[in-house]
Amino acid sequence: MRAVVITGAKKSGKTALLTLVAEALERFGKRVTVVKYSTHALEKGNTDAFWLMRENRTVVNVSQDETAILWSEKLDFEALVTHVRADVLLLEGGDAPVSVPRIVCLRED
C-alpha cells in the first residue's frame, strides 16, 4: 500500500485536491481509502450507534448502503493501516510518520 498525506492551512484546498487525486486513481483501477483527520469530533447526532459508544468499546453500524466502524479511541497511523484495504491511502492532515510523502497546499493570501 502507498500512502500520501495532503496537508496545509485551513481553506487551502486540501479536500478539493484529495478528491481530485482519489478520483484520478480510481479511474486507473486503484482502490483508494481516505482518512480525514479533524480538529473536532465526528458529528454524532442522536443515533443508537453513538449512544452505544463507551470507552474501550467498538461499535459497528450496518445500514442498507454502508457500514461504519466507530472506535472509542484514536488510532495511531500504524494501527490504522492494519484495518485498511487499499492500494493507496490518502490522508488529510494527521499524524502519519515523517517517512510518508506529503503534499502541502498553500493559500494565496
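A residue is called buried under 20% relative accessible area, exposed over 50%, and partly exposed in between (1.4 Å probe, protein chains only). The model is predicted, so local features need pLDDT of at least 70 and side-chain atom pairs count only at pLDDT 80 or more, while totals for chains, interfaces and linings use all residues. Residues are numbered from 1 along each chain as its sequence is written, and side-chain values use heavy atoms, with hydrogens and water left out.

**Exercise 1.** Classify valine 60 by its relative accessible area, and state its place.

*Solution.* Step 1: valine 60 lies in strand β3; strands (E, at least two residues) and helices (H or I, at least four) are DSSP runs, numbered from the N terminus. Step 2: the relative accessible area of valine 60 is 47%. Step 3: valine 60 is therefore partly exposed.

**Exercise 2.** Determine where lysine 11 is found and whether lysine 11 is buried or exposed.

*Solution.* Step 1: the loop between β1 (2-8) and α1 (14-27) holds lysine 11. Step 2: with a relative accessible area of 73%, lysine 11 is exposed. Step 3: its phi is near 65 degrees, a positive value in a residue other than glycine. Most residues other than glycine have a negative phi.

**Exercise 3.** Describe the place, accessibility and phi of asparagine 56.

*Solution.* Step 1: asparagine 56 is in the loop between α2 (48-51) and β3. Step 2: its relative accessibility is 68%, so asparagine 56 counts as exposed. Step 3: phi of asparagine 56 is near 65 degrees, which is positive in a residue other than glycine.
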